[in-house]
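Welcome! Take a moment to look over the sequence and the model, and then we can walk through some of the features together.

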Amino acid sequence: MRETMALARASLPALADTDLAQSGLSAADVSARVELKLTNVQDDSSSRSLGHILRANLLTLFNAVVGGSFLLLLVLGQWKDALFGFAVISNVVIGVVQEYRSKRALDRVAVLHQAKARVLRDSEIVEVSLADVVVDDVLIVRAGDQIPADAVMLVGEGLEVDESLITGESDAVEKSVGDALLSGSLVVAGSARARTVRVGIESYASLITLEARRFSMVNSELRNALARVIRWISWALIPLMLIALNGQMQAVGGWSVAFADGAWVHAAVASIASIISMIPQGLVLITSITFAVAAVVLSRRNVLVQELPAVEGLARVDVVCFDKTGTLTEGEIEFDSLELLEGSESGSVESVLGIIAHAEDANATGKSLRSRFPPPLQHNVLRTVGFDSARKWSSLTLDDGVTWYFGAPEMVMTGAPSQRGALGRAQELAAQGLRTLVLARGGEPGVDSALPSDVSPVALVTLREKIRADAAETIAYFLDQGLALKVISGDNPATVAAVALKAGIPQSDQVVDARSLPEDIDELAAILESHSVFGRVTPEQKKLMVLALRSRGHVVAMTGDGVNDALALKSADLGIAMGNGSAATKAVSRLVLLDSAFGSLPGVVAEGRRVIANVERVSRLFLTKTVWAMLLAVVFGVLLWPFPFLPRQLSAVDGYTIGIASFFLALLPNKRRYVPGFLKRALMFCVPAGIVTGVLVTSADAYMRSLGAYEPAQTQTVIAVVLSLSGLWVLAALSRPFDRLKFAIVAAMYLMLGAVFGIGFVRDFFGFVVLPMDLVWLALSVGVFACLCIEIIDRVVARVLARENPALAR
């Protein structure tokens with residue numbers, strides 16, 4: 001597409017800048033460019049269609065097995081055994097909604113506000129939509145405008161442009177004839193006519209936004225671990241399904257007999273029970289709900305979660321990268337200090353600064369003085385010379401004949417012996433990261449606004465960037481949590497270092513000018529490990545720096561607000577955008593601080609910790625069941641025994657031993673710090689606990705089978721009691737240490753156990769029966785022994801984990 005636009009542009013006749021500046025394009029010129037598609041239309045396509053999202057969430061082996069089982073039971077009329085299907089439907093709905101929300105956020109990426117652009121056409125200034133701007137259009141830009149396409153300045157006066165959203169440079173940049181104006185930058189002072197040279201997808205802002213549009217899911221340990229478990233289980237299901245199905249068919253007399261007398265229906269139901277019991281479908285649902293609840297909690301704190309698993313991200317982060325302008329700072333400059341030079345009178349100095357501050361055409365620098373210097377009651381300005389980017393000063397002549405000069409010290413002071421002290425002091429202040437200006441007095445400017453020779457400096461004025469009120473407190477919190485902090489900014493290195501120091505970021509090393517950084521990612525990573533503050537960083541370098549840190553195994557969060565931060569935000573493990581930032585930055589980030597308050601981040605950390613710790617806790621409930629279910633499927637399939645429970649009975653036991661309890665446990669407060677490797681820790685408990693449960697269930701079934709005097713419903717009831725007691729003990733073990741809420745949850749689940757087996761119509765619905773006393777004692781004996789084994793496993797695992805990492809001690 002870009003190559004096509006370049007060829008089309010080359011085919012156009014050359015137009016002189018002088019002619020364009022006077023009359024702009026003609027209607028014929030515009031039509032020719034529209035026909036060649038040289039317009040400012042942005043590519044608004046998304047990388048993932050709704051159909052792609054639906055296919056990704058629906059067409060999985062997991063859904064094929066569970067969904068197929070659900071539909072088969074409905075076809076067979078066994079709706080009571082199909083309760084598990086609602087968890088599958090919920091998983092799909094939540095997944096589709098989550099990803100579609102991300103797609104829509106990406107589709108809304110627009111670097112430019114949807115406003116009109118002023119262009120000169122046929123010698124008249126007209127307003128057109130941004131998409132209707134064409135190559136060679138003459139833009140009429142004024143203070144407050146956002147530049148809609150890359151352009152070159154033709155004519156203008158006092159033009160100052162804020163490129164912080166594009167480059168990260170916080171200082172307004174003075175522009176002269178021939179200078180480039182980047183799309184997305186803001187005009188803060190002056191006016192100009194500029195010829196567009198790159199439009200649409202060719203513009204600089206569009207190049208950054210296009211790369212930012214590429215869809216990617218946030219890196220989530222929880223989601224990755226669960227996906228890995230589901231993948232293992234899904235592939236294991238293929239042989240296990242065949243073993244279970246054959247075992248159940250043989251248990252009713254063989255395949256031919258089963259189909260002849262209709263017993264295949266009961267065999268199919270039993271097979272589905274064995275298959276469904278192996279799949280922890282509720283774990284995915286509980287995890288999704290936990291993420292969603294955390295997102296709602298954070299939204300009340302003005303934190304927008306773009307993708308649900310991002311709520312765990314900040315709890316895992318060990319390096320936080322900050323942009324400076326608009327992130328650590330509010331993106332505005334403010335008055336810092338006034339330093340009178342020897343022989344100066346404060347009254348006259350403050351009066352002149354008040355005039356400069358409250359002038360109608362004051363630029364951003366002048367406006368920053370308003371909080372300190374009120375307008376004088378009486379003043380009469382005879383003449384003024386506006387600020388110019390070449391001479392870097394402005395002047396005003398009062399009715400007393402004195403001319404005052406205000407601007408860059410190195411341009412106002414010539415270096416004469418009488419000025420060396422003031423010039424040296426100005427350089428010292430600038431080295432501290434302060435923007436330093438000088439106020440001087442002298443005769444009127446000469447021909448072509450030349451500076452007179454009798455200028456005498458009277459005061460130094462310093463300005464600073466306004467640091468966010470909550471930045472220091474939040475940074476102190478991160479340091480206390482052991483996180484490494486990096487400031488990477490496109491601004492002047494000295495300014496970046498000064499802001500970082502005032503915000504509380506320690507600097508044991510020298511600030512690094514990014515123009516000297518290597519391109520090799522390994523060399524860059526080594527420098528990043530030993531340095532904290534970087535200036536003059538380009539957007540591409542920011543992205544490379546994030547990738548370099550990640551290559552060293554770091555989990556990286558990046559905060560930013562400008563288009564120049566978009567690529568780095570997208571490349572980080574967790575991108576955090578400020579609410580007052582650019583649309584592109586907010587759309588590609590994972591979290592958006594809607595009120596731009598740094599103070600929200602500790603709350604995000606707390607939510608992330610709660611999610612990770614609680615999901616790790618409830619995952620043990622589900623995975624323990626998966627282990628014993630797989631064991632039972634193999635053993636009963638190989639031994640050709642009927643499976644010992646029905647799908648509906650499994651749903652009941654799952655409900656009070658896992659599902660309901662896990663929902664509440666997942667939402668409880670949990671302040672445990674993040675420790676990597678939750679899946680390994682979960683399996684340390686789940687595998688032995690699941691094996692013990694599976695062995696004891698098999699033993700109980702074998703014992704009853706050896707006696708040969710019991711009905712299938714009695715066997716199913718005994719096995720359900722054993723699974724209930726062992727499952728509830730797993731729940732109790734993982735709920736420690738107990739508090740009132742946890743105790744109430746566990747107690748309620750024991751009451752539900754009593755209700756399922758003790759209330760007649762409930763018992764009948766699930767197919768349970770009243771047991772004779774010998775089977776009651778059998779069920780209780782095996783169940784209590786299972787609880788004892790699980791308790792031993794829990795204590796041993798807890799001791800091993802505490803020895804490996806004290807943070808895991810209970």
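Which residues in α21 are buried?

## About the model

This is a predicted model, in which local features need pLDDT of at least 70 and side-chain atom pairs count only at pLDDT 80 or more, while totals for chains, interfaces and linings use all residues. Residues are numbered from 1 along each chain as its sequence is written, and side-chain values use heavy atoms, with hydrogens and water left out.

## A helix to start with

Back to our question: in α21, the buried residues are Pro 539, Lys 542, Met 545, Val 546, Ala 548 and Leu 549. Here, buried means under 20% relative accessible area, exposed means over 50%, and partly exposed lies in between (1.4 Å probe, protein chains only). An α-helix has 3.6 residues a turn, so residues three or four places apart point the same way.

Helices (H or I, at least four residues) and strands (E, at least two) are DSSP runs, numbered from the N terminus. Helix α21 covers residues 539–551, and because its 13 residues should span 18 Å at 1.5 Å a residue, the 19 Å between its end C-alpha atoms agrees. That expected span is 1.5 Å times one less than the number of residues. Just after α21, Gly 553 takes a positive phi of about 90°.

## Strand β14 and its partners

Strand β14 (residues 435–442) is mostly covered, with six of its eight residues buried. Two strands pair if DSSP finds at least two bridges between them. β14 runs antiparallel to strand β13 (residues 403–407), joined by five bridges. With strand β15 (residues 456–467), β14 pairs in the antiparallel sense over seven bridges.

Ala 440 is a handy landmark in β14: Tyr 405 stands opposite Ala 440, and in β15 the bridge partner of Ala 440 is Pro 457.

## An open sheet

Next, find the eight strands that form an open sheet with mixed pairing, in the order β8-β21-β20-β19-β9-β16-β18-β17. Its edge strands are β8 (303–305) and β17 (512–513), each pairing on one side only. Within this sheet, β9 (residues 319–322) and β16 (residues 484–488) pair in the parallel sense over four bridges, and Val 320 stands opposite Leu 485 in β16.

## The whole chain

Now zoom out. The chain has 30 helices and 21 strands, and 53% of its 810 residues count as buried. Among contacts (heavy atoms within 4.5 Å) between residues at least 6 apart in sequence, 72% join residues at least 24 apart.
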